[in-house]
Amino acid sequence: MFDVTLAHHDDFRSWRDATRKHVSAGVNSRNINWIVNPPDDLFQRQNLDSTEQNTSPFKITRQRYVQLQEAFHAQDSHRFETLYTFVMALHQQDDAQIAALTPKIEALIQAGRAAVLRFRESFVKLALSGGETAPDRSIQPVFDMRGHRIFTGQAATLTRMIPSPWVVSGDTVTIRWTGSALFFSRGGLKAQNEKFQPEIAFGSGYWAQLPQLRLPVKTIPSVIPDTPMTQHHAGASKAPEPNRESRFAQLRAHAVDCAACDLCDIGTRTVFGEGRLDAKIMLIGEQPGDQEDLSGRPFVGPAGALLDQNLREVGLERARLYVTNSVKHFRFVHRYGRRLHQKPDLIHIHQCHPWLSQEISLIAPTHIILLGASAASAMLGRPVTVNRERSRFFRLGNCEALITVHPSYLLRIQDRASQDFEKRRFLSDLRLVADATAQSETQLHPT
Ligand code: URA
């Protein structure tokens with residue numbers, strides 16, 4: 001019998017490492033005892049895989065890996081062994097077993113997704129609803145989420161929603177945002193106060209298991225004075241302002257040297273927005289891709305070509321618009337001799353936001369089209385499911401905004417019928433904005 005200790009219920013990494021080791025060695029699921037037990041010694045690295053690194057490593061596809069991660073969050077007491085058995089079947093290419101387990105795995109994936117969503121909602125709701133008074137007055141504890149599991153990525157979102165310092169305390173973990181850095185420490189707030197436990201930064205012992213979320217706050221200069229979304233006047237003074245060009249040039253020049261997040265070290269350059277500075281419509285994408293990174297211009301690759309074509313079909317010429325991205329640097333990994341796109345993390349979206357909000361203030365569009373989930377999340381400050389929230393206008397500061405899919409989504413669809421269907425929906429979204437802006441132009445300049 002093998003005992004495998006996970007540090008917490010969402011300790012996917014330890015489960016993955018142990019599964020890789022034991023599946024390679026052909027250990028049957030019945031012979032593994034999964035134990036969830038936070039380690040006592042914080043500075044002692046979990047040594048699940050420090051035992052003999054035996055047998056051949058094996059691989060599963062990226063898609064399967066993501067499914068395992070999603071299923072892992074399901075609140076199902078047998079998930080560790082079910083997923084283990086599934087990995088064993090994949091490894092042994094046991095098609096009958098894979099087919100037999102697939103319905104169960106799909107149910108776990110759905111349950112895992114639902115658990116993440118529920119958690120996110122309650123995390124944000126509780127955080128915003130206030131909480132106990134902090135013993136240390138400079139720090140506001142926002143809530144105690146006893147019974148909830150901590151998805152550490154949510155903490156990064158919270159730093160954006162509540163920039164002043166806060167503490168989130170659970171049964172086993174306390175997350176502390178100092179206003180400039182995120183810390184995780186062991187124990188609830190009460191335990192911490194009793195034991196005067198020091199805060200522990202990432203990278204050591206138990207905390208090495210959690211994703212790195214230390215936010216280096218580097219200030220992004222404010223070139224545009226009235227940056228908050230609520231202060232600009234959409235469509236106001238559309239007559240060219242004498243200094244709009246120079247303010248834009250200044251903003252862009254500052255962005256060239258932006259080093260607010262780690263992406264500045266990997267890409268070629270900052271890819272800033274471009275287009276008409278008096279545009280009524282602004283399009284916001286996710287981040288530059290390979291070709292944008294090389295050319296320094298947004299949406300010039302395949303997704304850009306598709307976007308231009310669709311815009312033309314609804315009578316919107318790109319030359320009349322302003323086009324930008326939520327994140328201004330290309331994030332990628334090197335694989336097979338190519339630079340493969342990687343989604344930006346929340347921290348990248350968060351760190352880049354001041355540029356985007358200054359662009360919006362300067363351009364003052366009347367309408368904003370948010371292309372895909374990253375752009376929508378960047379502007380709404382919360383996770384967004386595009387299909388649930390697309391195709392309708394909502395107020396964003398002084399603009400009307402509309403969420404639709406990212407053109408690269410259309411590029412990825414394989415079958416012709418779905419491609420046509422999704423293209424029609426995309427065109428209809430773009431047409432909503434084209435019609436709305438045409439109307440507002442008529443109202444401004446009645447014939
Ligand atoms: N995808 C984006 O979101 N932006 C670009 O500029 C290119 C591709």
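## A briefing on the chain and its ligand

Isoleucine 369 stands opposite leucine 402 in β14. That pair is a handy way into this predicted model, whose chain has 14 helices and 14 strands.

**The chain as a whole**

- The chain has 447 residues, and 49% of them are buried.
- Take the contacts between residues at least 6 apart in sequence: 71% of them join residues at least 24 apart.
- About 22,000 Å² of the chain is accessible surface, and carbon and sulfur atoms account for 51% of that area.

**The six-stranded sheet**

- Strands β12 (residues 367-371) and β14 (residues 399-404) run parallel and are joined by five bridges.
- Both strands belong to an open sheet of six strands with mixed pairing, in the order β7-β9-β8-β12-β14-β13.
- Why is one side of β7 and of β13 left without a neighbour in the sheet? Each of these strands, β7 (274-275) and β13 (393-396), stands at an edge and has a single partner strand, so one side of each has no neighbour there.
- As a reminder for strands in general, pairing in a sheet goes through backbone hydrogen bonds, and it can be parallel or antiparallel.

**Leucine 108 in helix α4**

- Helix α4 spans residues 95-128 and includes leucine 108.
- Is leucine 108 buried or exposed? Its relative accessibility is 3%, so leucine 108 counts as buried, the cut-off being under 20%.
- Leaving aside residues up to four places away in sequence, leucine 108 touches Glu70, Ala71, Ala74, Asp76, Arg79, Thr82 and Leu83.
- One of these, arginine 79, is 29 residues from leucine 108 along the chain, and their C-alpha atoms are 7.7 Å apart.

**Helix α11**

- Helix α11 (residues 372-380) is mostly covered, with seven of its nine residues buried.
- Which residues are these? In α11, the buried ones are Gly372, Ser374, Ala375, Ala376, Ser377, Ala378 and Met379.

**Around the ligand**

- Which residues surround the ligand? They are Gly285, Glu286, Gln287, Pro288, Gly289, Glu292, Pro298, Phe299, Asn325 and His406.
- Sorted by class, this shell has three nonpolar, five polar and two charged residues.
- Glutamate 286 contributes through its backbone: an N or O atom there lies 2.7 Å from an oxygen atom of the ligand.
- Glutamine 287 also has a backbone N or O atom to look at, 3.0 Å from a nitrogen atom of the ligand.
- With asparagine 325 the side chain is involved, as one of its polar atoms lies 2.7 Å from a nitrogen atom of the ligand.
- On its own, the ligand has 240 Å² of accessible area, and the protein covers 92% of it.

How values were computed. Residues numbered from 1 in each chain as written. Predicted model: local features only at pLDDT ≥ 70, side-chain atom pairs only at ≥ 80, totals over all residues. Heavy atoms only, no water. Helix = DSSP H or I, 4+ residues; strand = E, 2+ residues; numbered from the N terminus. Buried < 20%, exposed > 50% of the residue type's maximum accessible area, 1.4 Å probe, protein only. Contact = heavy atoms within 4.5 Å. Areas by Shrake-Rupley, 256 points an atom, 1.4 Å probe, with all protein chains shown as cover. Near = heavy atom within 4 Å. Polar contact = N/O pair within 3.5 Å; in protein donor to acceptor, adjacent residues only side chain to side chain. Nonpolar A, V, L, I, M, F, W, Y, C, P; charged D, E, K, R; others polar. Pairing = 2+ DSSP bridges.
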